[in-house]
Amino acid sequence: MTLQISNLEEYKEAYRKSVENPDMFWSEQAETFSWRKKWDKVLEWDFKEPKVEWFKGAQLNITENCLDRHLKTKGDQTAILWEPNDPNAEVTKLSFRQLHAEVCKFSNVLKANGIGKGDRVCFYMPMVPELAIGVLACARIGAIHSVVFAGFSATALADRIKDASCKMVICSDYNHRGKKNIPVKQVVDEAINQGCESIETVIVHKNTGGDIQWNENLDKWWHLEMIGKDPVCEPEVMDAEDMLFILYTSGSTGKPKGVVHTCAGYMVYTCYSFRNIFQYKDGDIYWCTADIGWITGHSYIIYGPLLAGATTIMFEGVPTYPDASRFWEICQKHKVNQFYTAPTAIRALMAHGDEHIDKYDLNDLKVIGSVGEPINDEAWQWYNDKVGRGRAPIVDTWWQTETGGIMISPLPNITDTKPCYASYPLPGIQPVLLDSDGNELRGNDVEGLLCIKYPWPSMIRTTYGDHNRCKQVYFSAFDNMYFTGDGCRRDEEGRIRIIGRVDDVINVSGHRMGTAEVENAINEHEAVIESAVVGYPHDIKGQGIFGYIIVQDQEEISDDFAKEINAIVTKVIGPIAKPDKILIVPGLPKTRSGKIMRRILRKIASGDASNLGDISTLLNPEVVDKIKKLAGLI
């Protein structure tokens, strides 16, 4: 299997080899997988283009490595353990053999419905096993999956379907979420009615059996399509750099970016990072609480664990239903060994009190992880004391949709941990800190912009249909560097702490949203002239959204104005993008070139009107005091 580091000396040696001879290092990792044809060249790259090719000339199918190669030794081991929303409902366990058969059957369903290599298939589904089965079935036949989080609005879904020219949508009738049944199929219908002309088929998984609209020309039931399908499907032979999936992430311009990941490099890196960061051992039970609609679910619920032959838990529900002990009840019930969740969930569960966790036996936990945003000190201490019980180390992981896998993290029981620090790069990852002029900040105890100076196997290849955008966003800020968009500091011992975004992206509960897309939604309200949104510190979400809004006539604004704004944002993007606070203002602070000075708005939103910097160069400096007064700061 993938080479797993077991002590500090091995980490230092692996890191040294990965920097001094990356080709040899990654070739050794890749040798542990099944290939139809080995590579001619390990790496060819040019960040100016950008063009990055790993394992050039190799042929493979990622599902052979996720499923087929485990059948002889682990065929009867549980691959996916599904914990449903209702704690009284039956748990589903799919062995590697059963999962292989289901994936093959659904692969044949896709083929019977005209899906082939290179076709794009959109998923808009709850956290049910069928989502994992469908994703793997796409990979098996060479179709490209594009999973959209099933909390996005119909408009957001339609934008993503149209951008990728998807041929099929796979959804459920309804989504169980706590006490709610959310009408997923209805959202898909609304999206398709917004001009998604590329869609030929909608396959619907019967999740609740609730009433739905039915289009005889488009819609088909999952369970009926599966009847009589062969549980054998020969995998499509893929080139190393063939596209595996597109995953949309918010950009500062408002138009979502379709991040493209390819087959071989993504496979090698997700497995390597999974085994090392979680120190997975055969027989362990691993649980990542993320949604597959995000990159964390792709890499560390489906691909990474299954490539490593692990038992991976999928959870349909929410952490507070039926009460705030649900996570800990599941950990105890399934004797979970590795647990991976977001700071937002940790803070929310902290707020419900310790009585929900103290009564559970969490002694099987060996590693606990954090993902999605930097974890604050108070949450880190609670997580360490109450969940890890001072025994299970925290891996505070930093990475992005674009990086494909975890880049910076402690290795449990190998490297040290420090609250709020992502700590050290994984072997193969070469981070640098730059100042705003692109000069490298060497040594320790420095603060700057986080860039990566050398390719790693699972990195973004392009933005779908717009390669120039990929170049501009990630590779144009500094010569021969991938710019992460994050600021960070390196402490006296060389540990890295992520400070946060330096662009116009807000991180709400680990979900990145561009300010422009939220503003565009707000501006659809007929009374709104202009708006600006910024992130501000939020006790639960990490960052909340603060909206500054200029209206046509304040006298005519109804008492329900905030509700109306939130309703529009929910409709256009989804409920996760609703502003937490709204302030009607007479104007926005702008430079003479018309750029909104968001740093001023961020300070005011956080309740701090001191040290706003030089505002004399603003086009309208007088508006700053007016906004401060409206915000109750003077």
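Analyst: Contact here means heavy atoms within 4.5 Å. The model is predicted: local features need pLDDT of at least 70, side-chain atom pairs count only at pLDDT 80 or more, and totals for chains, interfaces and linings use all residues. Residues are numbered from 1 along each chain as its sequence is written, and side-chain values use heavy atoms, with hydrogens and water left out.

User: Is Val 204 buried or exposed?

Analyst: Val 204 lies in strand β11 (residues 201-205), strands being DSSP runs of E with at least two residues, numbered from the N terminus. Beyond its neighbours within four places in sequence, Val 204 is in contact with residues including Cys 171, Ile 212, Trp 214 and Trp 222. Its relative accessible area is 0%; since buried means under 20% and exposed over 50% (1.4 Å probe, protein chains only), Val 204 is buried.

User: What separates the C-alpha atoms of Val 204 and Trp 214?

Analyst: The two residues are 10 residues apart along the chain. Their C-alpha atoms are separated by 10.0 Å.

User: In β24, which residue is the bridge partner of Glu 447?

Analyst: Strand β22 (residues 446-452) and strand β24 (residues 482-490) run antiparallel and are joined by 6 bridges; two strands pair if DSSP finds at least two bridges between them. The partner of Glu 447 in β24 is Arg 489.

Definitions and conventions. Helix = DSSP H or I, 4+ residues; strand = E, 2+ residues; numbered from the N terminus.
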